[in-house]
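Subject: Two-chain model, handover and findings

Hello,

Here is the structure I said I would pass on. Please look it over alongside the notes below.

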Amino acid sequence: MKLNHEHIEEYLLLLADRELDQTTEDAVRAFVGQHDQYKPLLEAYLATSTIDTDVFVFPDKESLLQPETAVMLLRKMFVSLKMAAAVILILGLGAAFLLMFRSDVPSTGPSVAAIQEHKGKGAAAPLNRTAVVRPEEKADGNNNTSKALVKPMRYAHKGPVHSVAAHSIPVARLKEDIPAELAPAAVAHITINPEQQSDTIIPEQVQPSGVAGVRAALPVWLPVQEENLQGVQDLIAHIQVLRVELQAKTKTLRNAIFVISIGDKQIPVN
Amino acid sequence: MTTSEYNQCVHELADGLYRFACKSIGDKEEAKDMVQQAFTVLWEKREEVPPDKGKSYLFTITYRKCMDVHRARGRTTDAERLHENFLSEQPQTSDLKKILQKALATLDEQSRNLVLLKDYEGYRYEEIAKVTGLNSTQVRVYLHRARKILKNYLVSKEHVI
C-alpha cells in the first residue's frame with residue numbers, strides 16, 4: 001500500500017472510523033508525521049469520533065422483563081432430566097438383560113468324556129458346551145456322605161462344603177492309566193462328618209479338587225460368585241483334557257525307538 | 001430465544017438502546033416509548049430471533065422507528081431545536097462534547113443515526129449496513145460525508161477547537 005496526497009484524506013476518515021488494521025493505521029500516522037500539513041485535518045476528524053461516555057439508564061427496566069414461571073423453570077430442568085433418565089434406563093435395561101442371560105446359562109461346561117468324544121469325532125461337530133453333568137452320590141462306611149454339587153455354593157464360608165463328584169468322576173476313571181510320574185494330585189472327595197460342620201476345611205483330610213478345591217484355596221472372607229466358579233470349572237475340564245493327551249504322548253515316547261543318524265551309521269536308542 | 005435469554009437482552013441492551021434513541025430524536029419520553037416498543041416486538045417474535053441476533057434486531061427496530069419519527073416531524077429546524085433542548089438538559093458535559101452534540105443536530109436523520117451507531121455503539125460498516133438496510137459502501141460514503149460536515153462545524157470560526 002502506497003499513500004499519496006490524492007487519497008490520504010480517505011485514509012484519515014477510515015482511521016477516524018476505526019476501520020483500519022494496525023499496520024495500515026501505523027503507515028497513515030507515519031505519513032502524517034512526515035507531512036505536517038495533514039496533522040490538523042487528522043485531529044479534526046478524530047475529534048468528530050469522540051466516544052460518548054455519558055451514562056444513560058433506562059428508567060423502570062423491570063417493566064420490560066418477562067416473568068419466568070415455575071413451569072418454565074421446570075421445563076428447563078425437564079429437558080436435561082429427560083436425557084439423564086433415558087441414559088439411565090438404557091444402562092439399567094442392559095444390566096438387567098446381562099444378569100438374566102447369565103442366570104439362564106447352565107452351570108457346568110463340557111465334561112472330559114465329552115471332550116474326548118469330541119476329539120474322537122475329529123472335531124467335526126461343535127462341542128456342546130451346555131451339557132449338564134449329572135450329580136452322583138457316594139457313601140462310605142463312616143456314614144459320611146459326599147454329595148456332588150450341581151451348583152457350587154455362592155460363599156465359601158457358609159455351610160458345609162460338598163465335594164464336586166460331577167467333575168471328579170471322569171478323572172477317577174483314568175487314574176489307573178496315569179503314569180506315576182504324571183499322576184495328578186489325588187482327586188479326593190471332601191467328606192463331611194455330619195457331626196462336625198465347620199466353616200473351614202481340615203487340610204490333611206482334603207486334597208482339593210475342582211471347584212471345591214478352588215474355593216478352599218480362597219480366603220474365607222472372600223465372597224465367591226457363581227459365574228467365577230463356572231469359569232474355573234471350565235478351566236479344570238480343559239486342564240484334564242490336556243493332561244490326558246500328555247499322558248498318551250508320554251506313553252508313546254516311552255515305547256518309541258529313536259534312531260539317531262550319525263553320518264552313514266544309524267544307532268537305535270531306546 | 002427463551003424467556004431467560006430475552007431478559008438477558010433487557011439487562012444488557014436497554015440502556016444502550018435508550019441512549020441511541022435519545023440522541024437520535026432528542027426526546028427522552030419518546031425514546032423510552034420507542035425502547036419499550038422495540039422490546040415488545042422482540043418478545044412477540046422471540047421464537048424467530050436467535051439469541052445472538054438480539055442486539056441487531058433491537059437496533060434495527062429502533063432505527064426504523066427513529067426514521068419514522070423524523071419523517072413525521074418533517075422540518076429539520078424542529079429537530080435541531082429539540083436536540084438543543086435535549087443537550088441543555090445533559091449535566092457535566094465538556095465543551096467539545098457540547099459542540100459535537102450541536103454539530104450532530106445539524107445532520108440529517110440518516111447521517112446522525114449512522115454516526116451514533118458508529119461512534120456510540122461501536123458497530124462496523126457491515127453491521128450498520130444490516131441494521132439500516134444499506135450496503136457497506138453506502139454506509140462508508142454517508143459516514144464520511146457526515147464526518148466532513150462535523151469537522152467543518154468544529155473548525156468553523158464560531159467553534160474553534
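Predicted model: local features only at pLDDT ≥ 70, side-chain atom pairs only at ≥ 80, totals over all residues.

The chains

Chain A has 270 residues, of which 29% are buried. Its secondary structure consists of eight helices and four strands. Starting at the N terminus, the order of elements is α-α-α-α-α-β-β-α-α-α-β-β. If one takes the contacts in chain A between residues at least 6 apart in sequence, 55% of them join residues at least 24 apart.

Chain B has 161 residues, and 50% of them count as buried. Chain B contains eight helices and zero strands, so its pattern along the sequence reads α-α-α-α-α-α-α-α. For contacts in chain B between residues at least 6 apart in sequence, the share joining residues at least 24 apart is 66%. Chain B exposes about 7900 Å², with carbon and sulfur atoms supplying 45%.

The interface

How much area is buried between chain A and chain B? The figure is about 3300 Å², and carbon and sulfur atoms give 58% of it. On the chain A side, T48(A), F56(A) and F58(A) lose the most area to chain B, and together they account for 21% of what that side buries. In terms of residues, the contact takes 32 from chain A and 38 from chain B.

There are 16 residue pairs in polar contact across the interface of chain A and chain B, counting pairs with both residues at pLDDT 80 or more. On chain A, the helices α1 (8-16), α3 (39-48) and α4 (70-104) each supply at least two residues of the side that touches chain B. By residue type, that side of chain A divides into 16 nonpolar, six polar and ten charged residues.

Salt bridges

Side chains of opposite charge can pair when their charged atoms come close. The count over all chains is eleven salt bridges, and six salt bridges are found across the interface of chain A and chain B. The individual pairs I looked at are these.

- R140(B) with E10(A): the closest N and O atoms are 2.8 Å apart. R140(B) lies in helix α8 (residues 136-155) of chain B and E10(A) in helix α1 of chain A, so this pair joins two chains. R140(B) is partly exposed, at 28% relative accessibility, and E10(A) is partly exposed at 30%.

- R147(B) with D17(A): the closest N and O atoms of this salt bridge are 2.4 Å apart. The pair crosses between chains, with R147(B) in helix α8 of chain B and D17(A) in the loop between α1 and α2 (22-34) of chain A. R147(B) counts as buried because its relative accessibility is 1%, and D17(A) counts as buried because its relative accessibility is 0%.

- K118(B) with E19(A): the closest N and O atoms of this salt bridge are 2.6 Å apart. The pair runs between chains, from helix α6 (residues 109-120) of chain B, which holds K118(B), to the loop between α1 and α2 of chain A, which holds E19(A). Both K118(B) and E19(A) are buried.

- R124(B) with E19(A): the side chains meet in a salt bridge at 3.2 Å, N to O.

A residue of chain B

T132(B) is in helix α7 (residues 125-132) of chain B. Is T132(B) buried or exposed? With a relative accessible area of 13%, T132(B) is buried. A polar atom of the T132(B) side chain lies 2.7 Å from the backbone oxygen of I128(B), and the T132(B) side chain reaches the backbone nitrogen of L134(B) at 3.4 Å. Leaving out residues up to four places away in sequence, T132(B) touches Y63(B), L114(B), L117(B) and V139(B).

Regards

Note on methods
Residues numbered from 1 in each chain as written. Chains lettered and ligands numbered in written order. Heavy atoms only, no water. Contact = heavy atoms within 4.5 Å. Buried area = accessible area lost by both parts, 1.4 Å probe. Salt bridge = Lys/Arg side-chain N within 4 Å of Asp/Glu carboxyl O. Polar contact = N/O pair within 3.5 Å; in protein donor to acceptor, adjacent residues only side chain to side chain. Nonpolar A, V, L, I, M, F, W, Y, C, P; charged D, E, K, R; others polar. Buried < 20%, exposed > 50% of the residue type's maximum accessible area, 1.4 Å probe, protein only. Areas by Shrake-Rupley, 256 points an atom, 1.4 Å probe, with all protein chains shown as cover.
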